Amino acid sequence: MSRTYVITGAGSGIGAAAAALLTERGHRVIGVDLKGADITADLSKPEGRADAAAAVVEASGGQIDAVIAAAGISAPVPLTVAVNFFGVTGFLDALAPTLAKAEAPRIAVVSSMASLQPNSPELVDALLAGDEAKALEVGAALAEQGPEAGYLNYPSSKRALSRWVRRESITPRYAGAGIPVNAVAPGTVVTPMTAPLLATEEGRAMVDAAVPMPLNGHSDAVVIARLLAWLTSEENTHVTGQTIYIDGGADASLRGDDIWGWADPS
């Protein structure tokens with residue numbers, strides 16, 4: 001059965017791959033991006049998110065079945081947290097009432113293996129509190145310290161996003177409306193965003209040291225798209241609140257074989 005999908009970041013990378021895959025499978029796709037999509041929108045700003053959601057409702061005739069939030073950037077600046085966190089959560093919350101009307105509503109977002117990397121607890125707390133002004137202030141202060149500290153904007157945004165998925169997935173707004181909400185956490189994906197780093201031997205060595213991928217190495221964007229497609233399909237009735245690492249074994253390599261120790265007797 002054909003479904004109507006809304007995909008942010010549909011102009012390039014994982015979003016474009018998901019849009020192409022779902023279109024090939026006979027679904028309707030409404031793409032949202034800064035350029036190269038059905039709806040042009042700036043998700044880094046509250047008004048941009050609201051306008052995008054309104055445009056989606058109008059374009060779909062008020063009927064959408066699934067949302068894939070793939071828009072994101074990795075720059076060492078506060079814009080990263082605006083797009084990666086608020087550009088996802090604000091947009092999803094705005095569309096939740098419309099999505100809840102569908103027979104099999106689904107949501108999947110793109111987090112990252114970087115959610116496991118060092119981050120700024122202060123920034124993560126501001127993001128999860130929904131305090132955009134504070135988050136941008138903290139992100140700007142990190143950026144002023146240089147690229148290394150500024151980079152913390154990226155893993156912090158992804159850590160907060162995965163935690164938001166876990167927290168919000170079980171609320172009345174989502175679980176109560178029958179909407180599974182999940183995240184995928186790619187390892188190194190060959191996209192325009194990673195191309196500059198992967199273009200040199202030094203860059204590849206740095207990437208592989210941070211994100212070791214013993215199974216099949218770097219992935220193409222369509223690999224991530226296939227998982228997003230299943231998570232947002234009618235087949236997924238009970239997977240929710242999860243961040244699924246589609247990373248060639250990076251998570252297992254870095255965290256080892258026991259991530260359940262929190263429940264063990266101290």
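Start by colouring the charged side chains: the chain carries 18 positive and 29 negative ones, and the centres of the two sets lie 4 Å apart. Lys and Arg count as positive here and Asp and Glu as negative, while His and the chain ends are not counted; each charge is placed at NZ of Lys, CZ of Arg, CG of Asp or CD of Glu.

A word on ground rules: this is a predicted model, in which local features need pLDDT of at least 70 and side-chain atom pairs count only at pLDDT 80 or more, while totals for chains, interfaces and linings use all residues. Residues are numbered from 1 along each chain as its sequence is written, and side-chain values use heavy atoms, with hydrogens and water left out.

**Whole chain**

Zoom out and switch to cartoon. The C-alpha atoms fill a box of roughly 50 × 45 × 40 Å along the principal axes. Buried residues make up 51% of the 266 in the chain, where buried means under 20% relative accessible area, exposed over 50%, and partly exposed in between (1.4 Å probe, protein chains only).

**The cores**

Next, select Val67, Phe91, Ile107 and Val109, the residues with the most contacts inside the largest nonpolar core, which has 40 residues. Helix α3 (residues 79-99) gives the largest share of this core, nine residues. Apart from this core lies another, of 25 residues, with Ile7, Ile14, Leu22 and Val189 among them. Such a core is a set of buried Ala, Val, Leu, Ile, Met, Phe, Trp, Tyr and Cys residues joined through side-chain atoms within 4.5 Å.

Now centre on phenylalanine 91. Not counting residues up to four places away in sequence, Phe91 touches Val6, Thr8, Val32, Leu43, Arg49, Ala52, Ala53, Val56, Val67 and Phe86; contact means heavy atoms within 4.5 Å.

**Serine 162**

Move on to helix α7 (residues 153-168), where serine 162 is found. Is serine 162 buried or exposed? Serine 162 counts as buried, because its relative accessibility is 11%.

**Asparagine 216**

For the last stop, pick asparagine 216, in the loop between α9 (201-210) and β8 (219-220). Check its backbone: phi is positive, about 70°, although asparagine 216 is not a glycine. With 69% relative accessibility, asparagine 216 counts as exposed.

Conventions
Helices (H or I, at least four residues) and strands (E, at least two) are DSSP runs, numbered from the N terminus.
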